[in-house]
Amino acid sequence: MLEARNIHKAYQDSNKKVSVLKGVDLKIERGKFISIVGPSGAGKSTLLHILGGLDNPTSGHVLFEGKDVYSLTDLSLCRFRNQAIGFVFQFYHLLSEFTVLENVLMPVWIGSDSSLNRQQLNEEARILLRHVGLRERLEHFPGELSGGEQQRVALVRALIGKPAVLLCDEPTGNLDSKTGNEIVALIQKMHRENQMTVVLVTHNMELAGLAEKVYHLKDGMLAN
């Protein structure tokens, strides 16, 4: 379903070229839950962003259902990110001036065509938010929520468009261990119930071990 072929990524730092990824190959089958672990600075987030169409590789290819993601037009790439990929980050990136419900609906409001029923989307968002224990928080603003609650909102926002792939970048990094475990349990539940493909990036080996397969990123290379 999602494949990385010989991915290289380098950055120019002053007069020095810094190579982060040095030929990463990865095949992810539909419906699988995998994790990628490695030390800080190993390039885990960089690889995830490249898989999700957020950051161009220096060289190499990313294929989604056989199509090269980075050969798409800018508009098609935006649609791919909006419709096929759900993102959950360490930092929640909620919009402070909008309510919980509005934050969740924002991606589908932006990415959907006008023929879609907003009332139906609204109801689906409410159901998902109830599903993650936020029934009483729909009209609250992000600043009125705990970190765990904000991350649940971010998770629902990633899921509302029914993406084929959920990419999670250190989703428990700002949470205590109990709340972090609850978030990962929610991700596992969504994975099982929706046969969703999940890629979880973390430095926490305990969390990584909950995935069906664990990959290790070290010195710019990926191994399992």
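Reply: In soluble globular proteins, nonpolar side chains tend to be buried together. In this predicted model, the largest nonpolar core has 35 residues, and Val-104, Leu-129, Val-153, Leu-155, Leu-166, Cys-168 and Ile-187 have the most contacts inside it. Such a core is a set of buried Ala, Val, Leu, Ile, Met, Phe, Trp, Tyr and Cys residues joined through side-chain atoms within 4.5 Å, where buried means under 20% relative accessible area, exposed over 50% and partly exposed in between (1.4 Å probe, protein chains only).

Me: Which element supplies the largest share of this core?

Reply: The largest share, 6 residues, comes from H5, a helix covering 147-159; helices (H or I, at least four residues) and strands (E, at least two) are DSSP runs, numbered from the N terminus.

Me: How is an aromatic pair read?

Reply: A pair of aromatic rings is described by the distance of the centres and the angle of the planes. Rings of Phe, Tyr and Trp (its six-membered ring) pair if their centres lie within 6.5 Å, and planes under 30 degrees apart count as stacked, over 60 as edge-to-face and the rest as tilted. The structure holds 2 aromatic pairs, one of them the stacked pair of Phe-87 and Phe-89, at 5.7 Å centre to centre and 5° between the planes.

Me: Is Phe-87 buried or exposed?

Reply: Phe-87 counts as buried because its relative accessibility is 15%, whereas Phe-89, at 22%, is partly exposed.

Me: What conventions apply?

Reply: Residues are numbered from 1 along each chain as its sequence is written, and side-chain values use heavy atoms, leaving out hydrogens and water.

Methods:
Predicted model: local features only at pLDDT ≥ 70, side-chain atom pairs only at ≥ 80, totals over all residues.
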